[in-house]
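Trainee: I have the sequence and the model loaded. Can we go through the architecture piece by piece?

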Amino acid sequence: MGRVRTAPAVPRRPGRLPVVGDYFAFRRDRLGFWTDVGRLGPVVEVRFGTQAFWVVTSPEVAEHVLLGAARDYPRDRRLMALNRGPGPELMFNTDRWEEWRWRRRLLTPAFHRHTVTRFAETMVAHAVRAADEWAEAGTIELQGRMRTLTMRAILETMFSVTRDDEVARLQESFEVSSQVVSGRAAAPVPVPWWLPSPANLRLRRLTRYRWGVLAGIVEERIASGRVRGDLLDLLLARHLTEEERRFGPADLVGEMSGIVFAGHETTAETTTWLLYLLSTHPEVEARLRREMADVLGDRDPTPADVEEMPYLDRVVCETLRLYPPVFLTLREADVTHRVGDLVIPRGTRLVINIRGLHLDPAAWPDPEGFDPDRFAPGAGSRHRFQFIPFLAGPRKCLGDHFAMLEMRLVVPTLLRRLRLRYAGERPPRPRAGFTMSVDGGMPMWVEAVS
Ligand code: HEM
């Protein structure tokens with residue numbers, strides 16, 4: 001095994017510098033870096049200072065890591081420690097299998113495919129409200145507006161509350177966490193949390209605020225004595241029963257915070273890119289509107305309707321292919337494995353290059369082009385790990401059904417009322433943070449559809 005470590009079986013990215021390694025190339029273009037590395041080979045080593053990673057852009061190796069031997073590849077320990085910061089260990093930030101599993105089991109009942117359909121009316125109602133607000137404004141910054149829509153929807157579906165006055169500051173608190181954590185993850189030198197830097201102080205202030213809002217929601221629910229049958233009830237039941245010692249107040253608020261984060265930025269970003277793509281591809285928009293007219297007539301969509309709208313589904317998938325909000329994920333090998341000719345030594349840190357897989361020219365002709373019909377039945381076969389916006393395997397997204405339902409309801413609800421046109425002077429640029437957002441926002445002209 002020692003021999004394997006000193007003689008890595010994978011190529012390095014060419015152009016690596018002494019000491020800093022590939023860090024400056026990464027700094028120049030934090031998204032393009034990964035797609036470029038992906039095109040160098042199925043598994044390529046990169047280095048940022050002392051941190052080395054194997055970048056996996058092979059669907060076969062991704063399948064082995066995420067599905068075949070998932071238990072031997074926990075989420076990367078250093079990244080998880082960064083995610084936690086001074087906070088508690090939670091479902092989405094733990095690298096320990098057993099800890100993750102019991103937490104995941106606790107939350108899963110709220111996210112089954114059929115369970116989430118009961119949120120449909122709330123999702124549509126928030127889209128209707130947003131459409132009215134946007135039409136009145138005339139010109140909007142879509143990404144921020146979308147985050148407001150999805151944040152309102154997640155608070156109401158998961159915790160049965162509206163917190164209109166707090167939504168903007170909650171959004172800010174998640175954005176700042178996301179920026180700080182993603183900045184630290186790639187830093188060649190570790191930055192301690194206790195350092196009273198302006199970024200750390202702002203993060204601390206906003207995190208305290210967020211936890212205060214969420215703890216207030218819990219207190220209100222307990223005081224009201226009402227049972228709403230939502231995720232909060234599920235978490236509270238665990239908190240107040242025999243598991244109490246294991247699942248304390250910090251776990252409760254922490255898991256709520258994780259769900260609000262995971263459940264609003266991702267769908268907001270995807271829907272923002274989707275509406276931009278429609279505005280620049282009128283033929284796709286026209287076809288989608290025809291499908292809407294055929295299936296919906298003059299009604300808003302229901303979960304049954306969206307099952308009858310295959311083109312809508314393709315448009316969402318193609319957007320997720322081009323702009324997967326979670327564009328990569330990190331795993332760490334706990335056991336040495338062999339996959340074909342490749343030996344993955346224990347201790348190897350792996351970047352699963354989600355966006356690299358989605359833009360791989362060998363699997364996707366004209367990979368940068370927007371063509372929803374790639375997802376039409378019979379449009380060519382490909383390895384199923386070539387498209388993994390929600391990942392796959394045991395640790396895949398818990399909210400995938402929720403997200404797909406929300407996007408497939410929100411888009412037609414908005415389009416029935418509005419026409420949106422991109423109002424920027426230059427094409428929008430994706431920005432790599434914790435998720436992939438739009439750099440500088442997405443200005444849009446909005447007009448009501450008569
Ligand atoms: C377009 C929308 C979404 C995308 C593309 C997406 C993608 C992902 C991905 C790739 C992961 C795995 C992260 C990793 O292991 O590095 C993940 C995890 C997770 N997602 Fe999503 N997500 C979306 C929406 C949602 C929504 C709406 C919710 C909740 C309502 C949600 C809840 C979660 C949770 C709780 C996890 C952690 C699962 C675990 O560690 O077991 N996601 N998501």
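Trainee: How many bridges join β4 to strand β7 (residues 349-352)?
Mentor: Strands here are DSSP E runs of at least two residues, helices are H or I runs of at least four, and both are numbered from the N terminus. Two strands pair if DSSP finds at least two bridges between them. β4 and β7 run antiparallel, and the number of bridges joining them is 4.

Trainee: What pLDDT do local features need here?
Mentor: Residue numbers start from 1 along each chain as its sequence is written. This is a predicted model: totals for chains, interfaces and linings use all residues, side-chain atom pairs count only at pLDDT 80 or more, and local features need pLDDT of at least 70.

Trainee: Which strands are the edges of the 3-strand sheet?
Mentor: That open sheet has the order β3-β11-β8, with antiparallel pairing. Each edge strand pairs on one side only; these are β3 (139-141) and β8 (418-422).

Trainee: What is the bridge partner of Ile-140 in β11?
Mentor: β3 pairs with strand β11 (residues 443-448) in the antiparallel sense over 3 bridges. In β11, the partner of Ile-140 is Met-444.

Trainee: What angle does helix α9 make with the direction of β3?
Mentor: Helix α8 (residues 120-137) packs on this sheet and touches β3, β8 and β11, at about 100° to the direction of β11. α9 (residues 142-159) packs on the sheet too, touching β3 and β11. Its angle with β3 is about 70°.

Trainee: Are α9 and α13 perpendicular or oblique to each other?
Mentor: Their axes come within 8 Å and cross at roughly 140°. Under 35 degrees counts as roughly parallel, over 145 as roughly antiparallel, 65 to 115 as roughly perpendicular and the rest as oblique. α9 and α13 are therefore oblique.

Trainee: How is α11 oriented to α13?
Mentor: Helix α11 (residues 198-224) packs on α13 at an angle of about 110°, with the axes 10 Å apart. That makes the pair roughly perpendicular.

Trainee: Which residues of α13 make the contact with α11?
Mentor: From α11 come Arg-210, Trp-211, Leu-214, Ala-215 and Val-218. From α13 come Leu-252, Val-253, Met-256 and Ser-257.

Trainee: How many nonpolar residues are in the contact of α16 with α18?
Mentor: Helix α16 (residues 310-322) and helix α18 (residues 400-417) pack at about 115°, with axes 10 Å apart. The contact is made by Leu-312, Asp-313 and Val-316 of α16 and Met-404, Met-407, Arg-408, Val-411 and Pro-412 of α18. Ala, Val, Leu, Ile, Met, Phe, Trp, Tyr, Cys and Pro count as nonpolar, Asp, Glu, Lys and Arg as charged, and the others, Gly among them, as polar. The contact has 2 charged residues, no polar ones, and a nonpolar count of 6.

Trainee: Which residues are closest to the ligand?
Mentor: A residue is near a molecule if its C-beta atom, placed from the backbone, lies within 6 Å of it. 24 residues surround the ligand. They divide into 14 nonpolar, 7 polar and 3 charged. The closest are Gly-263, Thr-266, Thr-329, Cys-397 and Gly-399.

Trainee: Which helix gives the most to the shell around the ligand?
Mentor: α13 (249-280) and α18 each supply at least two residues of the shell. With 7 residues, the helix that gives the most is α13.

Technical notes: Axes are lines fitted to C-alpha atoms, for helices over the stretch in contact, and angles run from 0 to 180 degrees between N-to-C directions. Two residues are in contact if their C-beta atoms, placed from the backbone, lie within 7 Å.
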